[in-house]
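User: I am new to this structure. Please walk me through it in short questions and answers.

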Amino acid sequence: MLIQERSRPGRRAPTQAPLQTPKLPDLPSHLCRTQRPALPEVSELEVMRHYTGLSQKNFSIDTHCYPLGSCTMKYNPRVCHALAMLPAFLSRHPLAPAEQGQGLLACLYELQEILKAVTGMDAVSLAPAAGAQGELAGVLMIRAYHRGRGESQRTEILIPDAAHGTNPASAAMAGFQVREIPTGPDGDVDLAALRSALGPKTAGIMLTNPSTLGVFERNIRAIAEAVHGAGGLLYYDGANLNGILGQVRPADMGFDIVHVNLHKTFATPHGGGGPGAGPVGVRAQLAPYLPVPLVERTADDGYRWLTESDRPQSIGRLTAFGGNIGILLRAYVYARLLGRQGLSRVAEFATLNANYLLARLRSAGFTLAYPTRRASHEFILTLKPEARAFGVSTADVAKRLLDYGYHAPTTYFPLLVPECLLIEPTETESKQTLDGLAEALIAIRRECVENPELLHNAPHHLPVSRLDEVHAARQLDLAWRPTVGEGSHG
């Protein structure tokens, strides 16, 4: 039910009404309404029940297992929210002098140091407000670095065909041409194709490791040697850092630049487009180009912002003030909560959970996209055999999984795997939950054989059934129009 359908003339939420009606400026008559807007007239209790009811119809990490591959939908500890929302943090104005925010700056400085430690980089900026913005910052720094060396002819960025779609988009936004590098049948980058693509135009390569194919790139050192030998730089897409956190650092693999998705690896709430934070780290030769502001520790153990006047070679500002402070604080608390040993256990248990689930599903007859490879923190099933034999698509399986109380894994990505399911259970799910997810998928596979029509029409037990996605995309209608006699102003 829409909230407009709850509307009855004269109903109000008086405790929320202003005590005095503010005086409005005089508006030209042609800009004034001739009738009242068709807003719902409801009580405060009805508003609360309406939106609480809507929230209970949603899938979320607080209510369901959410095994979205490459998204790392892990549990967000509530203590991180509580400490990030301390009154002294919330009430601080972003334009207040640094002397009045030393506690906040100390937290941000320590977060910079933590990210330097886990990535192996020499300097970090917390400014980017999303992973994609961190990517953009990275390729802008690649561009600035080459131009500073008088090598403006380096106009190409190499990107594997299994990369996130934001990678080529970020490179194009920075003015680079993108050259796609194929992936071999074993999931590793095709080294011969890579070497043939390198040349005087090469600015760098963007890689995710573990890759979005759910495997660790075994040739990463050979890739780094080849790219560096051609004069290019290596950019690390940190989307899958959860799979190696505390085990190996991007710098040790040969990367020069890295972005970290704090809203993934460092357990801050995300989904629905935000919020996010994508700090970037770099080796020493790229440090002058980092986006501002950064936090510096002063000689007297205080802290201050470094801005454009301190960093004249910086690529500039990407966000207002100091970045997405609330998310940065949550990530800082999370890192301090786990400590060095706890952060290492993140990757250990994420990998253990993924390989346990992989083993269960393989033994039940599912087809692995890369059967000879061990999973990193995620893995890929291909439902191509089921589609061919029973006419059941990955979308059908994903919709049916909702009926069993589990959000679907990532579907149809990466695109190079047909009928793809990219599954990432994360480290925060228990063995019991993993067993339940496995049993649900096994039961659905049995339904593919016995009653495929059941899957074609799924989901069956949710408030919204299968939608006509093509119709919704082409003729999306989000406007409510009252009928005569309906609502408060029908």
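User: Against which elements do the buried residues of α6 pack?

Analyst: This is a predicted model, in which local features need pLDDT of at least 70, side-chain atom pairs count only at pLDDT 80 or more, and totals for chains, interfaces and linings use all residues. Residues are numbered from 1 along each chain as its sequence is written, and side-chain values use heavy atoms, with hydrogens and water left out. Contact means heavy atoms within 4.5 Å. The buried residues of α6 pack against α5 (131-148), β2 (156-160), β3 (177-181), β4 (202-207) and β5.

User: Which residues of helix α6 are buried?

Analyst: Helices (H or I, at least four residues) and strands (E, at least two) are DSSP runs, numbered from the N terminus. Buried means under 20% relative accessible area, exposed over 50%, partly exposed in between (1.4 Å probe, protein chains only). Helix α6 spans residues 166-173, and its buried residues are Asn167, Ser170 and Ala171.

User: Why do the buried residues of α6 line one face of the helix?

Analyst: The arc is taken from the directions from the helix axis to the C-beta atoms. Seen down the axis of α6, the buried residues line one face because they fall within an arc of 100 degrees.

User: How are the planes of Tyr109 and Tyr303 arranged?

Analyst: The structure holds 3 aromatic pairs. Rings of Phe, Tyr and Trp (its six-membered ring) pair if their centres lie within 6.5 Å; planes under 30 degrees apart count as stacked, over 60 as edge-to-face and the rest as tilted. The centres of Tyr109 and Tyr303 are 5.4 Å apart and the planes are at 50 degrees, so the pair is tilted.

User: How many residues apart are Tyr109 and Tyr303?

Analyst: Both Tyr109 and Tyr303 are buried. Tyr109 sits in helix α4 (residues 102-119) and Tyr303 in strand β9 (residues 303-306). The pair links distant parts of the chain, 194 residues apart.

User: What kind of aromatic pair do Tyr236 and Phe255 form?

Analyst: Tyr236 is buried, as is Phe255. Their rings lie 4.9 Å centre to centre, with 75 degrees between the planes, and the pair is edge-to-face.

User: What is the order of the open sheet of 4 strands?

Analyst: Two strands pair if DSSP finds at least two bridges between them. Strands β10 (367-368) and β12 (410-411) are the edges, each pairing on one side only. The pairing is antiparallel, and the order is β10-β11-β13-β12.
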